[in-house]
Amino acid sequence: MIHLESFTPVLQLLDSGNLVIREDGRNTTIFWESFDFPADTLLPDSKLSKLGWKLDDGMQMFIRSWKSIENPSEGEYGFSLDPPEAPQLVLRSGSRKLFRWGPFDGIRFSGSSTLTANPLLQTMFVYNFKELYFKYEILDESVLSRIVISPMGSVQYFTWRVNISREWNLVVTFNSGPCDNYANCGNYGICYSLSSCKCLSGFTPDSPRDWGLFSYSGGCRRKHELSCENIKDCVDFYYESREKRPTIFPIKILSIIFSKVALASLTAFCSEKALQIPIRSDPFPLPISPPSSSTFSCYRNLQKMADLEAPLVRPKRKKVWVDYFVQFRWIIVIFVVLPISFTLYFLTYLGDVRSEWKSYKQRQKEHEENVKKVQKRLKERNPSKDGLVCTARKPWIAVGMRNVDYKRARHFEVDLSAFRNILEIDQERMIAKCEPLVNMGQITRASVPMNLALAVVAELDDLTVGGLINGYGIEGSSHLYGLFSDTVVAYEIVLADGQVVRATKDNEYSDLFYAIPWSQGTLGLLMSAEIKLIPIKEYMKLTYKPVRGNVRDLAQAYIDSFAPDFDDENNEKVPDFVETMIYNPHEGVCMTGKYASKEEAKMKGNKINSVGWWFKPWFYQHAETALKKGEFVEYIPTREYYHRHTRCLYWEGKLILPFGDQWWFRFLFGWLMPPKVSLLKATQGEAIRNYYHEMHVIQDMLVPLYKVPDALEWVDREMEIYPLWLCPHRLYKLPCKTMIYPEEGFEQERRQGDTSYAQMYTDVGVYYTPGPVFRGEVFDGADAVRRLETWLIENHGFQPQYAVSELDEKKFWRMFDAGLYEKCRNKYGAVGTFMSVYYKSKKGRKTEKEVQEAEKAQVDTPYAEVDQPE
Ligand SMILES: NC(=O)C1=CN([C@@H]2O[C@H](COP(=O)(O)OP(=O)(O)OC[C@H]3O[C@@H](n4cnc5c(N)ncnc54)[C@H](OP(=O)(O)O)[C@@H]3O)[C@@H](O)[C@H]2O)C=CC1
Ligand SMILES: C=C(/C=C/[C@@H](C)[C@H]1CC[C@H]2C3=CC=C4C[C@@H](O)CC[C@]4(C)[C@H]3CC[C@]12C)C(C)C
């Protein structure tokens, strides 16, 4: 209390610039200070200006705009932190709320893409018993900064770079996004963009009609009323950094944060390790930076609890003997698979060397003789007695996951095992002519020393040219060149009647040329392919960039890492190679590569990393280190880079050999790696095979680039599989509609990554044990795959057919277009000779009866019955 009779006020300008009123003669109590009234500017030093509340007297500290640029008296707009129980930054005109950033959820201001931490700017929310305020800090001392509210109501962030600009530069205007508009999506609505709101999970639009008319302000209501018996029911938490949290947020997150009682209940139901959110009752500053992944998993659980439709906890599953078999499979792998693998790799290598010793002429001569044998073999077939035709390659030798039951039922085999030579590397035409069993390891061994490579080199050494063309092939360069089959300029095919034809995009067989990819060898037998070569350099300069946020942020970071704006082809920033690995729902590493010469790589200060050496860490784990050490760049010998995922089969190797990544194993036995996929398949038996179908997922989702955020969300919700592999690929608009094709009218949308002639897609590689299986819960793999396939159909996505499919025939032909394929099957006599592509993809042992039905169906052209997409 001030005793006025003894109080002599003094107005003093302190060295700090603070104008204060204090008692004369004493230096202690300050009764008024100008820093509490920061006019229109918020400075990074919170001693100078604050946005928030003094808790003892309820005083609010805010900034207010000037009347006009020349007139510093109080203007129309105020920028403040509102109110202490649900702090969000609000811009007001008079008493009307115009924009908001928040609410603050204990971690950051939800929904703000600008008000988030970055390496230079750290935004913070400070709470102690005296004050509650927002502050920001600049971590680089050479940068001065200020946040200003302009007379027109823009909240602007300026910097002054001491040694560079010497003037104030406007860096960002915070109230630029439509989601910042106050109550844009109403209660319980999440804002994505001006024209897109979503309800929180567990909620539904209050007026579907209004929402249908893009008027979202009515918000959402609960689908089911909650009983607030326990905290689980009361807590609806939806943590998304880019999405704007609802205006009325259904929990008092702050009361939870600040209430020890609630905290105790919350802690009890979040598993011990999941809940380490910065909830403390003592005074603490909460940095607005990405929380740990364990925090998020707690949040995610909370969010799931809100969704009453989804069962929160799946029932536990009892372990059965096959679980132990899978767990201890490494014993067979170490003592049987690895030694035989190594021997086989060595023998294959000798075979390749032998092939290389032969001249191209000799190889071509042998090729022609072998083609004649194939023609003869086809002519030997008695259609009324023999089964339908497929290659004699044993199902377990092929890399794919599908059951290949058609090779276990009656069929007519054609042996193509002699077709394993590179017939020519034509440096003038920049074409490699390869037989179908040439594999990726073999082709890179031959071409890379010439500074040449196939435009798309699939990563696993054992993948074959024939399989990648007739099936599906992709690599980190596919954002430039498309899929493996898109890089082929000519096919040599033996048709059903034994005729050999050369199909190119502009000869009489152009329809066949376009129909071959994805046809799984059901139009004819591929004898050779002429494939595009590109010039390369000795090293790949690879940048590893860690990214953080929610799955949508990660997806956007991936998109931004490589995708130029529509048709911006000369964009220097487009890398030669692109790949992103998502390690958990909140962290990923985006990798971009550029070819580099050996001179560049060996320049002083550059780091060369030969990732191919047997003792080196597995590539996916090496990339993950970027999450700890931050962005880094290194040079990898190009061939080693191409095959970076071979040694650990992406990350599948971790399950097969759990200690294979330990340093002692790598040094002692790493040279025996990788186990050959074919030998793993040969030794897995029916039980492990079924286990992989039921308790594991190996699937690729090919989705339009702009749908990657949705796809990641879907996988996270339905499967909880990590790491995920993201690899972009062009999907060309061809002169005719092939089995897979871009979305109609995509060019008009002018989306990031698209061009007028190709839509950018992404392979979301989903390989690993799903979260529920790790937790010992029930998981229905077949059902999950069925839902994945349905999701793909609904989102114009595609599923490569090397994987297990649960689609029925009708749905199969909804995913893929049958038009050209059907036409070619009839035109080139494949019907009744080759199996149908659906028949090959379908799981389930084929009985003789099924085979006969399938043969009959060949004649009846099954896709004719396919109904139109709904
Ligand atoms: N990075 C990537 O792109 C990766 C791709 N994969 C997948 O692996 C598969 C490739 O495995 P791979 O073992 O090489 O191939 P496969 O032996 O599995 O062959 C795949 C399909 O192509 C057909 N085919 C192969 N050669 C010929 C030919 N000469 N003439 C006609 N048809 C032929 C096969 O027919 P048939 O059944 O009659 O033998 C089969 O339907 C790809 O389809 C791909 O989806 C896997 C990992 C990575
Ligand atoms: C499609 C891509 C990559 C896919 C790989 C991750 C998988 C391709 C084939 C997969 C496997 C085949 C057979 C197996 C035997 C089983 O007993 C264990 C699992 C596995 C080794 C399995 C592992 C994953 C694959 C190698 C591209 C596009 C990235």
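Predicted model: local features only at pLDDT ≥ 70, side-chain atom pairs only at ≥ 80, totals over all residues.
1. One of the ligand's oxygen atoms sits 2.6 Å from an N or O atom in the side chain of T391. Another residue to look at is V399, where a backbone N or O atom is 2.8 Å from an oxygen atom of ligand 1. Then find Q520: an N or O atom in its side chain lies 3.0 Å from an oxygen atom of the ligand. Taken alone, ligand 1 exposes 900 Å², and the protein buries 94% of that.

2. Now zoom out to the surroundings of the ligand. The shell around ligand 1 holds 30 residues, and the closest are T391, Y406, K407, T464 and K840. By class, 15 of the shell residues are nonpolar, ten are polar and five are charged. At least two residues each come from β21 (389–391), α10 (465–470) and β28 (525–535). With four residues, α10 gives the most.

3. Next, have a look at a pair of helices. Two packed helices are described by the angle between their axes and the distance between the axes. Here, α7 (residues 329–357) and α20 (residues 677–694) have axes that come within 9 Å and cross at roughly 145°. On the α7 side, the contact uses R329, V333, V337, I340, S341 and L344; on the α20 side, L679, L680, T683, Q684, I688 and Y692. These contact residues divide into eight nonpolar, three polar and one charged.

4. Finish with helix α26 (residues 819–827). Which of its residues are buried? They are L820, Y821, E822, C824 and R825. Just after α26 comes G829, with a positive phi of about 70°.

Conventions:
Residues numbered from 1 in each chain as written. Chains lettered and ligands numbered in written order. Heavy atoms only, no water. Buried < 20%, exposed > 50% of the residue type's maximum accessible area, 1.4 Å probe, protein only. Axes fitted to C-alpha atoms, helices over the stretch in contact; angles between N-to-C directions. Contact = heavy atoms within 4.5 Å. Nonpolar A, V, L, I, M, F, W, Y, C, P; charged D, E, K, R; others polar. Near = heavy atom within 4 Å. Polar contact = N/O pair within 3.5 Å; in protein donor to acceptor, adjacent residues only side chain to side chain. Areas by Shrake-Rupley, 256 points an atom, 1.4 Å probe, with all protein chains shown as cover.
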